[in-house]
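Hi,

Here is the structure I promised to pass on. Have a look at it first, and my notes on pockets and helix packing follow below.

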Amino acid sequence: MTRIDLKIIVDALEEAFDGWSQFLNIETGEVISFPEDKDYYEGDDYDADIELIEGNELLKRLPDQYEIDEYSIMEDFAEEVQEPELMAALQRHHPFRRFKDTIYELGIEDKYYAFREDAFYEIAEKWCQNYGVPYVDSRDKVSSNAD
């Protein structure tokens, strides 16, 4: 089995959104997105295609937006930087929008997005370990073999 670059998984995690599942082909590194609602499906036979995907041993479902839990990532960042405005933003109506507005107002958006990316890499690494998928982290050329 080839080593999967964690960046492939991180990129897929960043594109995760409600109503779609993503699957990684652990042999090729290809990511397949599949709608959970037949209305968004463009193929001929939704039921047959979902059975093929779910029955394929090489395709593993990636974490969805709820498993990623970006709200917790934002909370962790707010605690790390000790900015009371960020914690307050998370307690208000529309916390995602308020949080993002606040990081821009404070001029720490680059710091947040680097923190978020690191969190996504951790999620990707744990996912690989859970599924026994060999991986490489191309950011630092350190690799792990999950044999």
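Starting with the open space: the largest pocket has a volume of about 300 Å³. A pocket here is an open set of points on a 1 Å grid over the protein atoms alone, where a 1.4 Å probe fits, with protein on both sides within 12 Å along at least five of seven lines; lining residues have an atom within 4 Å of a point. Volume is the space filled by probe spheres set on the points, which are joined across faces, edges and corners.

Before going on, the ground rules. This is a predicted model, so local features need pLDDT of at least 70 and side-chain atom pairs count only at pLDDT 80 or more, while totals for chains, interfaces and linings use all residues. Numbering runs from 1 along each chain as its sequence is written, and side-chain values use heavy atoms, without hydrogens and water.

Back to that pocket. Its lining has 15 residues, and Glu 67, Ile 68, Glu 122, Ile 123 and Lys 126 lie nearest the centre. Helix H3 (65-68), helix H4 (70-81) and H7 each supply at least two lining residues, with H7 giving the most, 8 residues. (Helices are DSSP runs of H or I, at least four residues, numbered from the N terminus.) By class, the lining has 9 nonpolar, 1 polar and 5 charged residues; Ala, Val, Leu, Ile, Met, Phe, Trp, Tyr, Cys and Pro count as nonpolar, Asp, Glu, Lys and Arg as charged, and the others, Gly among them, as polar.

The second largest pocket comes in at about 170 Å³. Among the residues lining it are Leu 13, Glu 14, Tyr 66, Ile 68, Phe 96, Arg 116 and Phe 120. H1, H3, H4 and H7 each supply at least two residues there, and the largest share, 3 residues, comes from H3. That lining splits into 7 nonpolar, 1 polar and 4 charged.

Now the helix packing. Helix H1 (residues 6-14) packs on helix H7 (residues 109-131) at an angle of about 115°, with the axes 9 Å apart. Axes are lines fitted to C-alpha atoms, for helices over the stretch in contact, and angles run from 0 to 180 degrees between N-to-C directions. H1 and H7 are therefore roughly perpendicular (65 to 115 degrees; under 35 is roughly parallel, over 145 roughly antiparallel, the rest oblique). Their contact (heavy atoms within 4.5 Å) includes Leu 6, Ile 9 and Leu 13 of H1 and Phe 120, Ile 123 and Trp 127 of H7. It divides into 10 nonpolar, no polar and 4 charged residues.

H4 and helix H6 (residues 95-106) have axes that come within 11 Å and cross at roughly 35°. Glu 70, Tyr 71, Met 74 and Phe 77 of H4 touch Pro 95, Phe 96, Phe 99, Lys 100 and Ile 103 of H6, giving 7 nonpolar, no polar and 2 charged residues.

Finally, H6 and H7 pack at about 130° with axes 7 Å apart, and are therefore oblique to each other. Here Phe 99, Lys 100, Ile 103 and Tyr 104 in H6 meet Glu 109, Tyr 112 and Tyr 113 in H7. This contact has 5 nonpolar, no polar and 2 charged residues.

Cheers
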